[in-house]
Amino acid sequence: MITKREVAKWILSKELRDTSVIEEQSPDERGRPYIISPMGTKIKRVLIAGSVASKNILENYTKITLSDPLGTFFLSAFATDFSLEVKDAADALSVGDNIAVVGRVSPFKTDEGILRISIMPESIFSAAEDTINYWNWRTLFITRRKYYAIQEMRKREKPDIESLVKLGYSPEEAECAANSLKYYQDYNLQEFMESLSSVTRVSHASERLDSLRDLVLRVIKEQDDGKGCRYESLVEAAAEENFEQSEVDEALNDLGSSGDIYEVSLKRYKII
Amino acid sequence: MILKIEEINGETTDIDLVVKVTSLKKRESQNSTGASSIFYYGIVGDETGSIPFTAWQFPQSIREGDIVHLSHCYTRTFRDSLRLYVDSRSEVVLVPDEDIEVKRTYRNSTIRDIKPGDLFVTVEGLIEDPIEKTYEKDGVSKKVLYFTLRDETGSIRVSSFGKSVMANQVVRIVGAKVSEYRGRKRLTIFENTQVIPISREIRKEAPLYDISELSNPIDSVGISGLIVNLSDKSGLMSRCKTCRKKVIDIKCPEHPDDGIFYDLFASFVISDGTGEINATAGASSLGPILGITQENLDPETSTLTKMEVFTRLKSTLTGKPLYLVGDVVRTDDRVNFRAREILIMNKEKLAEVLKKAEEGYEI
């Protein structure tokens, strides 16, 4: 018999952090149980992406905290016979590295009965900035869809998965909505959704900086009189596009660090 | 009471019909204990429509074209379409000297919504890449035309027997037969199928799908995602120059003197957050992004090693947002994706894909 691979769920750190339910298993069920998040997602495996916020190499395992726009994930890469490659990859990470991680969730309850969830990485991939943006947007999109499904399910007298599927939701979204209503009646979904807007703001800020970088590069190229483009010319051109001087400074620093431009003399810039 | 086919309303029991047997086939099946049994299947129709049927018992004297009175039958949904069942409680009585003008019912369908359970469909699309071939039947040389039909939801391969078409023409095909061959949906056009040129704009662009939407075979569709798992079987492989089969040793066991060539192959699981799908890719899609040309794949001159190609694949494809165009194919009970084009998304493509995905939902 072919065992179906457990699908890796894309969820934001806040959804995982607010998770408080472990699905009950019947005695004949094998393997780890699912955890069920406030959005109703049944999770055993996740695909997450973000920036390494801290790393701590211990004797048998390496602890990593990974930041996404809503907080942090906690990763534990153990040195077992089956995961030495992953432990090595975790050890080689530096704070600030962008990575995507596929891993299994490992829930445990504290003495106070609070559920804590760490992630045991199975694969760690170095991620480009575009990967992080893609993951942020897709995860946001998927989460929003689940929220709409929950709202739709709330309009019904009792959970009705089929009726949501008929409306155009996927069977999984409809099932998530039913789970959320079953296990998280008192969860503040509104507050959760408001926190998602910060993801949008972060992404918009990143898009804005990208467009300013392009503008700065273009102006330096056009207005380089041989001695380099003047800083004032850049600020003027940016102001016409509604960018602040502080944003120009940020873009210049950024382009300088990435090796795209250099300051040829005081406040004069050239393209490399 | 004798019903007309159009009066059959969903799954129901104890149906009486007077119908014409428009197609009749016999098949032998084996149950789990190995015991074999014969059943009959085909299509019956009347003036109001047609319906597929399965008969566990059927009189041997009945032939295609006969009119029969079927009583105490029932209907069930099988592979997404309603089917009539004739069992041991049913009666099948020949009605001699009668004829019925059978109405063929063709469901209007997009290419995406064509189901293997459909008998005939009406579908519109743009004709691409027609190729004519000849074949022999009963000693007579006949022509068949193969082409791709594309609409906004994907594309499908079509075989046309007796109808000619032109490349880049948009047509409505009324009464094309649906089948599934090697995990891919196909349409067949016969003499009595109508192919009508129509005025309609169809863009030659692969539609973007969420992975969770891909439950049936369809060609020429786009997906985006991140690789979750890259199989270590991926990389460089040797193939026989004659049969193109994978060669594990230095020589093909069937064609040891014919030589080998190198090929690129990747097998991976890709996820877009809505689901995961197993995907494969070959040299035509991997070569451009790995910077490996046909000349690099000549065993006489190539310096490539398996490890080097696998490492290059891993560093190029994993951790990157990918856009894939290819075909969804059914293998056993699940669908797989065969990538024909792989693109690492830049900012512009990323913005386009994310926008399209959000627009795709009409809620």
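**Exercise 1.** What distance separates the centres of domain 1 of chain B and domain 2 of chain B, taken over C-alpha atoms?

*Solution.* The model is predicted. Begin with the bounds: in chain B, domain 1 covers 2-94, domain 2 covers 107-197 and domain 3 covers 211-359. Taken over C-alpha atoms, the centres of domain 1 and domain 2 of chain B are 27 Å apart.

**Exercise 2.** Locate Ser195(A) and decide: is Ser195(A) buried or exposed?

*Solution.* Step one, the place: Ser195(A) belongs to helix α6 of chain A, residues 189-222. Step two, the class: buried means under 20% relative accessible area. Ser195(A) has 19%, so Ser195(A) is buried. Step three, the contacts: leaving out residues up to four places away in sequence, Ser195(A) touches Lys14(A) and Leu70(A).

**Exercise 3.** Treat Asn242(A) in the same way: is Asn242(A) buried or exposed?

*Solution.* Step one: Asn242(A) sits in the chain A loop that runs between α7 (231-240) and α8 (245-257). Step two: exposed means over 50% relative accessible area. The value for Asn242(A) is 62%, so Asn242(A) is exposed. Step three: apart from neighbours within four places in sequence, Asn242(A) contacts Arg208(A) and Glu247(A). Step four: Ser197(A) is 45 residues from Asn242(A) in sequence, and the C-alpha to C-alpha distance is 23 Å.

Technical notes: Residues numbered from 1 in each chain as written. Chains lettered and ligands numbered in written order. Predicted model: local features only at pLDDT ≥ 70, side-chain atom pairs only at ≥ 80, totals over all residues. Heavy atoms only, no water. Domains from an automatic or database assignment. Helix = DSSP H or I, 4+ residues; strand = E, 2+ residues; numbered from the N terminus. Buried < 20%, exposed > 50% of the residue type's maximum accessible area, 1.4 Å probe, protein only. Contact = heavy atoms within 4.5 Å.
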